[in-house]
Amino acid sequence: MKKSEKKESEDPEQNAERADPPEKDRRGYLKTVGALVAGLAVGGAAAWLGKPAERLPGATVTERVTETVTETVTTTTAAKEISVLGVDCEQTRKILDITRESFEKEFGITVNMEISGTGEIMTKLPTMLAAAACPYDVIVYPGDSAPGLAEYFRPIDDFIEKYDVRLDEFVPALMGYVKFKDQIIGLPWRSDFFLHVYNEEAYENVGIEKPAETWSEFLENALQVNDPPNMYAFAAQGKDFWGITQEFFAYLLSSGGEMFDENMMPMINSDIGVEALTYYVDLFHVHKVTHPESMALGYMEKLFELIGGRVASIFEWPWSWTEAQNPEKSVIVGKCGGWTVPGNVIPGRMFAGGWGTFIPKESKKAEEAFQWCNWITQPKWEKEVVMRKGDTCPVRIATLNDPELAAEFKVFEGLSKSSSVCIQGPNFPEWNECRQILFRYMHDAYDEKLTPKETLDKAAEEWHDVLEKAGYYA
Amino acid sequence: MIPLRGFGFVERHLASLFILPYIVIANIFGIFPLAYSMYVSLTEYNLARPHLGMPFVGMANYIILLGDPNFQNSIMVTFTIVAGAVFVQVLAGLVLALLLNLNLKGAGFVKILLLLPMMVTPSVTGIIWRILYTPTVSPINYYLQTIGLIPPRWLSSDFVIPSIIIADSWQWTPFVMLILLAGLQNLPPEPIEAAKIDGASRWQMLRYVTLPLLKPIILTAIVLRTIGAFKIFDMVFILTRGALPSSEVASIFVVKRLLDFYYVGYSAASSYLFAIIIMVISILYIWVLRR
């Protein structure tokens with residue numbers, strides 16, 4: 001007998017174990033699996049049976065008791081509710097406070113607003129819309145960025161007709177942000193007109209009675225009021241890409257220049273463009289009236305320099321004037337003026353900024369959403385928001401020209417004048433990219449690494465490449 | 001015995017069957033996004049023009065990227081920051097670890113204080129350093145001016161990279177210090193004692209005994225910090241938004257192309273290309289260090 005055979009026969013029990021697992025282990029496995037399956041089945045059945053009957057929101061349950069039977073009858077009245085993604089600012093909070101109750105009473109619609117910072121809105125919204133997973137019925141979005149997402153917003157021409165919305169009541173330049181391919185895709189919600197915001201007291205101390213109307217007057221005033229290091233005449237905004245570029249556009253446009261021609265060819269490097277950039281670079285390096293740290297100042301830091309009494313003037317949107325009236329932050333409360341930016345041809349001619357309300361295509365409550373968008377910009381609410389210090393950014397012409405508001409808030413004269421001459425800003429998806437390109441090159445001009453002409457030629461060339469790639473010159 | 005046909009497979013693989021649901025789900029959530037984004041990188045998907053769909057363009061995005069001066073710039077910026085930051089952190093971490101290893105009085109308390117920056121999130125670090133670098137409110141500038149020095153323009157295009165390295169090192173030097181301190185405290189005592197008996201000076205002991213023994217730990221710290229530094233985003237975004245080319249690191253390049261310019265395909269391709277470049281460089285880096 002061979003060793004292996006002998007081994008096999010000598011130990012029959014072990015052989016049996018090797019051939020088959022022990023009976024007790026097999027039974028153990030079966031018990032475990034069986035218990036698991038049974039548990040899942042029981043749990044699932046219990047969950048299904050115990051689930052309450054589906055009831056629509058707002059439904060009421062009544063019990064009707066008969067002699068022998070108790071019936072439960074569910075009646076449904078669908079409660080109307082819309083969700084809004086709003087931007088974090090005083091205007092949003094005031095709008096909500098002022099209009100929530102009246103809107104709910106008038107239309108029976110509850111508004112749930114989620115308030116977010118601009119940055120968060122602009123980062124999370126594109127992907128939500130692209131995935132058709134936007135949970136909001138209304139989105140408050142910056143107008144100059146809206147063209148990039150225009151194809152995700154529902155056109156509202158039908159609602160405008162149905163509710164007889166007078167579009168001519170809105171500032172025309174603001175309507176440009178809410179139009180896309182000849183369709184209206186939103187309503188203006190908040191205006192922004194570029195202003196010359198200045199320290200009235202600093203100006204009066206050196207005998208300047210009113211703000212400059214032309215760019216040469218601005219320089220003369222700047223040289224008079226400049227008293228470094230206690231007071232600088234001007235602060236630029238070199239940290240954020242929209243800062244020094246919008247200052248450049250203010251000069252360019254108010255002096256008769258354009259950013260593009262009718263064929264979308266860049267014109268920023270025209271003679272007026274070079275003159276504009278040279279002006280600012282000279283303010284900084286030659287006349288030294290610009291705050292020396294301007295290239296490191298963001299919009300908040302620039303504002304703090306003004307309202308802290310260390311800078312005499314800035315070019316900024318109206319929110320800065322509102323902030324200057326806050327006694328907790330500002331030393332120039334009641335002494336802050338707001339006027340149109342200077343201009344050699346049309347003072348104040350600059351593109352309007354602003355925010356609009358847009359309805360995503362996948363919203364199931366588009367009409368209710370539109371009713372809210374239309375309601376919040378009614379003149380009576382706009383006026384009340386301003387009177388309650390909720391920013392000075394109305395979108396209707398009537399509100400901007402309201403004499404009571406002009407008497408109460410002196411910036412309204414400047415706002416009204418700016419709104420009458422401002423133009424619609426660029427309205428195409430590649431605009432952000434173009435601005436960032438210009439910003440990079442303008443920094444080189446401010447750092448004197450490039451001349452203004454070289455700066456604008458390079459920027460214009462890159463703008464042309466971007467637009468060509470996007471198919472504008474086909 | 002009751003034979004159960006086919007039961008052998010189940011009982012042999014029962015454990016695997018129990019964890020199978022988890023593996024399937026984890027792979028769906030892990031592999032599917034990778035595969036989909038790889039596909040998107042081969043298309044010209046523009047978020048602002050959904051009506052154009054996702055036209056397949058093959059490797060075109062990758063080819064354009066390799067010639068894109070902005071992409072090349074972001075690679076250079078990222079590598080410069082990584083090299084500078086890792087160098088500073090390892091050097092400073094080593095010095096701090098050696099000092100703490102002396103077990104002087106109060107070392108425990110000092111160690112806790114030194115670890116605090118590591119517990120701050122990168123975004124908060126960005127906010128702190130943004131305030132410190134804002135010239136109009138910066139206490140650093142104030143004290144530098146008090147002693148007669150002219151503070152640099154921290155976030156200008158000329159100085160932004162050192163500023164980022166300083167902020168990153170403030171946060172992550174304690175991490176390196178911790179690793180090296182643990183290494184120092186676990187070194188075998190015999191070689192050190194032998195060196196002492198042989199009359200080696202402190203410097204000789206450090207150079208010829210301690211550092212060679214600590215080399216594997218130092219390499220580990222370098223590798224860990226290198227991987228961490230390549231992922232830098234939050235702090236740089238808060239400091240500068242990557243607005244200037246000299247602060248546009250790889251991650252900001254990718255995010256900007258996606259969320260500012262809406263070039264989804266291009267952005268996806270850039271993220272893969274960055275990953276490949278970083279992987280290749282990291283492998284070379286580790287290979288050179290290990291030699």
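From the N terminus on, chain B runs α-α-α-α-α-α-α-α-α-α-α-α-α, with 13 helices and zero strands. Please keep in mind as you look around that this is a predicted model.

**Chain B as a whole**

- The C-alpha atoms of chain B fill a box of roughly 75 × 70 × 35 Å along the principal axes.
- The radius of gyration of chain B is 25 Å, whereas a compact globule of 291 residues would have one near 19 Å.
- Of the 291 residues in chain B, 33% are buried.
- If you count contacts in chain B between residues at least 6 apart in sequence, 72% of them join residues at least 24 apart.

**A backbone detail in chain B**

- B:Arg241 is found in the loop between helix H11 (234-240) and helix H12 (250-260) of chain B.
- This arginine, B:Arg241, has a positive phi of about 60° although it is not a glycine.
- For context, most residues other than glycine have a negative phi.
- B:Arg241 counts as buried because it has 20 C-beta neighbours inside 10 Å, and 20 or more is what the buried class asks for.

**Where chain A meets chain B**

- The contact between the chains takes 28 residues from chain A and 25 residues from chain B.
- On the chain A side, the elements that give two or more residues are helix H3 (23-50), helix H5 (118-130), helix H6 (146-149), helix H13 (299-307) and helix H20 (431-446).
- H20(A) gives the most to that side, with six residues.
- By residue class, the side of chain A that touches chain B divides into 12 nonpolar, five polar and 11 charged.

**A strand pair in chain A**

- Strand E9 (residues 195-199) of chain A is joined to E12(A) by five bridges, and the two run antiparallel.
- Within this pairing, A:Asn199 stands opposite A:Cys336 in E12(A).
- Strand E12 (residues 336-340) of chain A is mostly covered, with five of its five residues buried.

- In helix H16 (residues 379-387) of chain A, the buried residues are A:Glu382, A:Val385 and A:Val386.
- These three lie on the same side of H16(A), because they cover an arc of only 95° around the axis.
- An α-helix has 3.6 residues a turn, so residues three or four places apart point the same way.
- The cover over the buried residues of H16(A) includes helix H4 (90-107), helix H17 (397-400) and helix H18 (403-408) of chain A.
- Just after H16(A), A:Lys389 takes a positive phi of about 65°.

**A residue of helix H5 in chain A**

- A:Leu125 has its place in helix H5 of chain A.
- With 22 C-beta neighbours inside 10 Å, A:Leu125 counts as buried.
- A:Leu125 and A:Val331 are 206 residues apart along the chain, and their C-alpha atoms are separated by 38 Å.

**Loops of chain A to look at**

- A:Glu448 lies in the loop between H20 and helix H21 (452-469) of chain A.
- Although A:Glu448 is not a glycine, its phi is positive, at about 60°.
- A:Glu448 counts as exposed, because it has 10 C-beta neighbours inside 10 Å, and the exposed class takes in residues with 12 or fewer.
- Another loop of chain A, between helix H10 (215-225) and strand E10 (232-234), holds A:Pro229.
- The peptide bond from A:Pro228 to A:Pro229 is cis, with omega near 0°.
- Most peptide bonds, by contrast, are trans.

Terms used: Residues numbered from 1 in each chain as written. Chains lettered and ligands numbered in written order. Predicted model: local features only at pLDDT ≥ 70, side-chain atom pairs only at ≥ 80, totals over all residues. Contact = placed C-beta atoms within 7 Å. Helix = DSSP H or I, 4+ residues; strand = E, 2+ residues; numbered from the N terminus. Nonpolar A, V, L, I, M, F, W, Y, C, P; charged D, E, K, R; others polar. Pairing = 2+ DSSP bridges. Rg over C-alpha atoms; globule rule 2.2 N^0.38 Å. Arc of directions from axis to C-beta.
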